[in-house]
Amino acid sequence: MDEASVLMCYHRGMSQTENQSQSSIESLPSPQSAAEMLTAAIGQIRFARNYTLELLDATPKEHWWTIPDGLPTNIAWQVGHLTVSQYGLLMFRIRGRQSEDLELIPGRFRKAYGRGSTPKPTAEGQPSADELLERLGRVYESGLKVLESVSPDVLLEPIDMPYAAYPVKLGAILFCPLHEHIHAGQIGLIRRALGLDPVR
């Protein structure tokens, strides 16, 4: 199955989740359960990031802009996209946009790596691999700080897609490690197409 088919199946599944929103609202967790689920989600977010970094550490940076034959993406775009998405799921959706976010995720960065953007096959005019990694790390640390201070009542405030399980802020947090694993899988596929040995 090619990436376009995988993404189509993924978005079809998300649409089905939208149709289930009403039943999800009726079965929202209690604030205490939401707090427990948040703790578990933080562990999953950390696990997903450690795996992503393991893949990236084993990928020579000169290959980050190579788009292998038959694939529509590269490592650099994956890293930028994970950065933009994690900001959206763990920061913007939980506590809204703040003034310091403009420096953290400038508009041009969102445009280059957000949903619907197109990977570029050259490093020209793009952040370096080190800059991408640095921003990825900053968003990760900032997002975890937001989660450490969020109250259970805030976790149950409603949001729109994307989310997992519940149409509330907790659902966006639960979706974050799932989303990262999707893209870690794509990074793994790119690495294999580049002729690199698997990490695991």
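How many cavities of 30 Å³ or more does a search of the whole structure find? The search finds 1 such cavity, where a cavity is a set of points on a 1 Å grid over the protein atoms alone at which a 1.4 Å probe fits but cannot get out.

This is a predicted model, in which local features need pLDDT of at least 70 and side-chain atom pairs count only at pLDDT 80 or more, while totals for chains, interfaces and linings use all residues. Residues are numbered from 1 along each chain as its sequence is written, and side-chain values use heavy atoms, with hydrogens and water left out.

## Helix packing

Two packed helices are described by the angle between their axes and the distance between the axes. Here helices (H or I, at least four residues) are DSSP runs numbered from the N terminus, and axes are lines fitted to C-alpha atoms over the stretch in contact, with angles running from 0 to 180 degrees between N-to-C directions.

| Helix pair | Angle between axes | Distance between axes |
|---|---|---|
| H4 (residues 75–95) and H7 (residues 129–149) | roughly 20 degrees | within 9 Å |
| H3 (residues 31–57) and H9 | about 15 degrees | 9 Å |
| H4 and H9 | about 175 degrees | 9 Å |

Angles under 35 degrees count as roughly parallel and those over 145 as roughly antiparallel. The axes of H4 and H7 cross at roughly 20 degrees, which makes H4 roughly parallel to H7. Their crossing is left-handed, a term used if the near helix is turned anticlockwise from the far one by less than a right angle. Contact means heavy atoms within 4.5 Å, and the residues of H4 that meet H7 include Val79, Leu82, Tyr87 and Met91, while those on the H7 side include Leu132, Val139, Tyr140 and Val146. The residues of this contact of H4 with H7 divide into 13 nonpolar, 5 polar and 2 charged; in this scheme Ala, Val, Leu, Ile, Met, Phe, Trp, Tyr, Cys and Pro count as nonpolar, Asp, Glu, Lys and Arg as charged, and the others, Gly among them, as polar.

H3 and H9 pack at an angle of about 15 degrees and are therefore roughly parallel to each other. The crossing of H3 and H9 is likewise left-handed, and their contact has 17 nonpolar, 4 polar and 3 charged residues.

H4 and H9 pack at about 175 degrees, which makes H4 roughly antiparallel to H9. Among the contact residues are Trp77, His81, Leu82 and Arg93 of H4, together with Phe175, Cys176, His179 and Glu180 of H9. By class, the contact of H4 with H9 comprises 12 nonpolar, 7 polar and 4 charged residues.

## Cavity and pocket

About 30 Å³ of space lies in the largest cavity, a volume being the space filled by probe spheres set on grid points that are joined across faces, edges and corners. Its lining (residues with an atom within 4 Å of a point) consists of Leu82, Ser85, Gln86, Leu89, Cys176, His179 and Glu180. H4 gives the largest share of this lining, 4 residues, and both H4 and H9 (169–193) supply at least two residues. The lining of the largest cavity has 3 nonpolar, 3 polar and 1 charged residues.

The second largest pocket (an open set with protein on both sides within 12 Å along at least five of seven lines) holds about 270 Å³ of space. It is lined by 16 residues, of which Arg108, Phe109, Tyr113, Gln126 and Pro127 are the closest to its centre. Helix H6 (107–113) and H7 are the elements that give two or more residues to this lining, which divides into 8 nonpolar, 3 polar and 5 charged residues.

## Backbone details

Most residues other than glycine have a negative phi, and most peptide bonds are trans. The peptide bond from methionine 161 to proline 162 is cis, with omega near 5 degrees, and proline 162 lies in the loop between helix H8 (152–155) and H9. Alanine 165, although not a glycine, has a positive phi of about 75 degrees, and alanine 165 is placed in the loop between H8 and H9.

Methods: Angles under 35 degrees count as roughly parallel, over 145 as roughly antiparallel, 65 to 115 as roughly perpendicular and the rest as oblique.
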